[in-house]
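Visitor: I would like a close look at a single part of this model, the place where two chains meet. Could you walk me through that contact slowly, as I am new to this?

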Amino acid sequence: MSSQPQIVIEGVSHVYRPTRGKEVTALENVSLQVGQREFLALLGPSGCGKSTLLYLLGGFLPIEKGSISVDGKPVAGPGPDRGIVFQHFALFPWKTVRANIAYGLERQGMAREQREARVQSLVDLVGLSGFEDSYPSQLSGGMKQRTALARTLAFEPAILLMDEPFGALDAQTRHLMQTELLSIWQRTPKTVIFVTHDVQEAVYLADRVAVMSARPGRIKTIVDTKFDKNSRDVFKAPHFVDKVDEIWNLVRDEAIKAQGGRGM
Amino acid sequence: MQLLLRYLPLLLLAMFWEIAARLELVSALALPSLTAVAEAWIELVKDGDLITNGAASLYRAGMGLGLSIVIGAALGIFMAWWRPLNIVLSPLVEIFYPMPKSALIPVTVIWLGFGDGSKILLIFLGCMLPVTIGAFNGARGSDRALVWSARSMGAGRLRMLWDVVVPSAMPEMLNGIRTALALSFILLVSSELIVSQKGFGYLIGFLGASGAYEGMYAVVLTVAFLGFAADRVYQMLMNRVLAWRE
Ligand SMILES: Nc1ncnc2c1ncn2[C@@H]1O[C@H](COP(=O)(O)OP(=O)(O)OP(=O)(O)O)[C@@H](O)[C@H]1O
Ligand SMILES: [Mg+2]
C-alpha cells in the first residue's frame, strides 16, 4: 500500500426510500480506506448493502451522509476512472458482444482500428471467440458475465468495482477468470474492490478482506490476506486454509444474524 | 404452400362472393361480382384515376404519419427524460388521447381548408399520441443499471439519452407507431370522404354517388389491401429492428 489511500470512505450511511413501501437502511456509518493498487474483497450476507456501497462509489447514488473521496476528490457522479462490473451484468441488450465491449472505448474516442484490435483481444481473453456478433439474449449467464467483465476491463479504469463478477461461472471458468484477473491486476496499476460470497475466492484474490455485518451494513472486521498467491498449491497451504476458516466463521455469524437468528 | 393455407379463408370468402353475386343471391347493385370489380379496377388504373387519387392520399398519409412519428417520439422521450415537461404535458395527453380524432375533421378544415393541409394536420394530430405514449412508457422503463453503465463509461447526459433511453423505448414506441399506421388509414379515408376533391376517400364517395359500384368496390378493396400490406411490411421492419430481443 502506498502512502495515501486512493479511496477514503468516511461515515457513509444510505437509506433507500422507495415511493411505496417502507424505508430501508442499507448502510450505516461505513468507513473504509483502500490503498493505491490494493485488492480488497468485500464479504457479507445477502442484503447487507454490498452493491449499495459500490453504487455509492460509482457515483450512481447520492451520498447523503458521510463522504467518499477518490484520489483526494469527493465523488460527484459516475466517471470512467471507476469501472464497474454489475451484479446483473447490465449489458446493452440491443448491442452485440463486440459492440458492448467497444462502448467504453468509443466514448474515449479511440480510433476504429485500434478499438477493434482491443475488443478482439478482450473477446479472446474472456473466451468468447465465435460469439462476437451474438446479442446478450443469446448468451448463457456465464457468457453474459464474461462480456460484462470484458466491457469494463476494455477501457482500463484505474479503479475496478466488481459486484460478484464470477458468480454465474462454473468452477473451472471461474478459476481461469480469477487467475486472469490476478495477472491483469499484477500487470497494470489497478485498485480493485471485489464483492463476493465465496470466501476462498476472497482470500485467494485479495490483499485484505472486509467482512460486513448483516443489514444495516457496517464494516465488521478487516482481515489481512496478503501473501504469495502464485504458488500452485496455494489453496492447500496451511496459512491459506486458516484464513479461509477464520473469515468463514465471521461471515457465518453475520449470515445467521441476517436470517434472524434461526441458525444455519 | 403455407402462405396459401394461411390465406385460405380469404380465398374462400372471395369465391363465396363471386358465387353469391353470379347467382344474384344479393342484388347486383349492392354487391357486384368480383370479376366485375376487377374489370373496374383495371379501368380505373388505365384512365389514371386510381393512380392520381392514390398518390394524393399516400402523400397526405405519409406526411401526417411521418410528422407524428418524429414529433411524437421526440415528445414522449423528452417527457420521460425531463420531469417538468411531463408534468405540463401529461394532463393534455390524457384528455386528448381518448377523444375520437374524426371529430376534428371540420376543425382542421376551418383551419387549413379543403386541401392537403387539413388532412395532414388531422393525421398528424390523430397519430401522434399513440407514438408519444409508447415512447414515453418505453423510455421511462429504461433499466437504471443500463443508464449507470453508460454514464460510468463516459457518456454524457445527451449521449446517454441517445444510447440508452432511445433504444430502451424502441419496442414500445414501435408498437405505438403500428397503431398510428392503422389510424392514419382510417383518418385519411374518412376525412377525404367528407371534405375533399381528391384521394381514395373522395374517389369512393364520388363513384358511390354516381352509381359506379364496381369502381367503388375496387377502390375500397385497394385501400384495404394497402392497409394490410403496409402493416405486414411494417411488422417485418419492426422484427428486424428488434432482432436483439430473444
Ligand atoms: N432500489 C431499492 N429500493 C429499496 N430498497 C433497496 C433498493 N436496493 C436495495 N435495497 C435494500 O437495501 C439492502 C441492501 O441491498 P444491496 O443490494 O446493496 O445488498 P447486497 O449486499 O448487494 O445483497 P446481495 O448479496 O444479495 O447482492 C437490501 O436489504 C435491499 O432490500
Ligand atoms: Mg448485491
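Guide: The contact takes 21 residues from chain A and 20 residues from chain B, where contact means heavy atoms within 4.5 Å. Please keep in mind that this is a predicted model, in which local features need pLDDT of at least 70 and side-chain atom pairs count only at pLDDT 80 or more, while totals for chains, interfaces and linings use all residues. Residues are numbered from 1 along each chain as its sequence is written, chains are lettered from A and ligands numbered from 1 in the order in which they are written, and side-chain values use heavy atoms, with hydrogens and water left out.

Let us start with area. Between chain B and chain A, about 1900 Å² is buried, and carbon and sulfur atoms give 70% of that. Buried area is the accessible area (1.4 Å probe) that two parts lose on being put together, summed over both. On the side of chain B, the residues that lose the most area to chain A are B:Trp148, B:Met153 and B:Trp244, together 40% of what that side buries.

You can find a salt bridge where the side chains of A:Arg107 and B:Asp163 meet, at 3.3 Å from N to O. There are also 5 residue pairs in polar contact between chain B and chain A, both residues being at pLDDT 80 or more. A polar contact is a pair of N or O atoms within 3.5 Å; within protein, one must be able to donate a hydrogen and the other to accept it, and residues adjacent in sequence count only if both atoms are side-chain atoms.

Which parts of chain B touch chain A? Helix 8 (144–152) and helix 9 (157–194) of chain B each supply at least two residues of that side. Helices here are DSSP runs (H or I, at least four residues), numbered from the N terminus. Helix 8 of chain B gives the most, with 8 residues.

Finally, sort the touching side of chain B by class: 10 residues are nonpolar, 4 are polar and 6 are charged. In this scheme Ala, Val, Leu, Ile, Met, Phe, Trp, Tyr, Cys and Pro count as nonpolar, Asp, Glu, Lys and Arg as charged, and the others, Gly among them, as polar.

Key:
A salt bridge is a side-chain nitrogen of Lys or Arg within 4 Å of a carboxyl oxygen of Asp or Glu.
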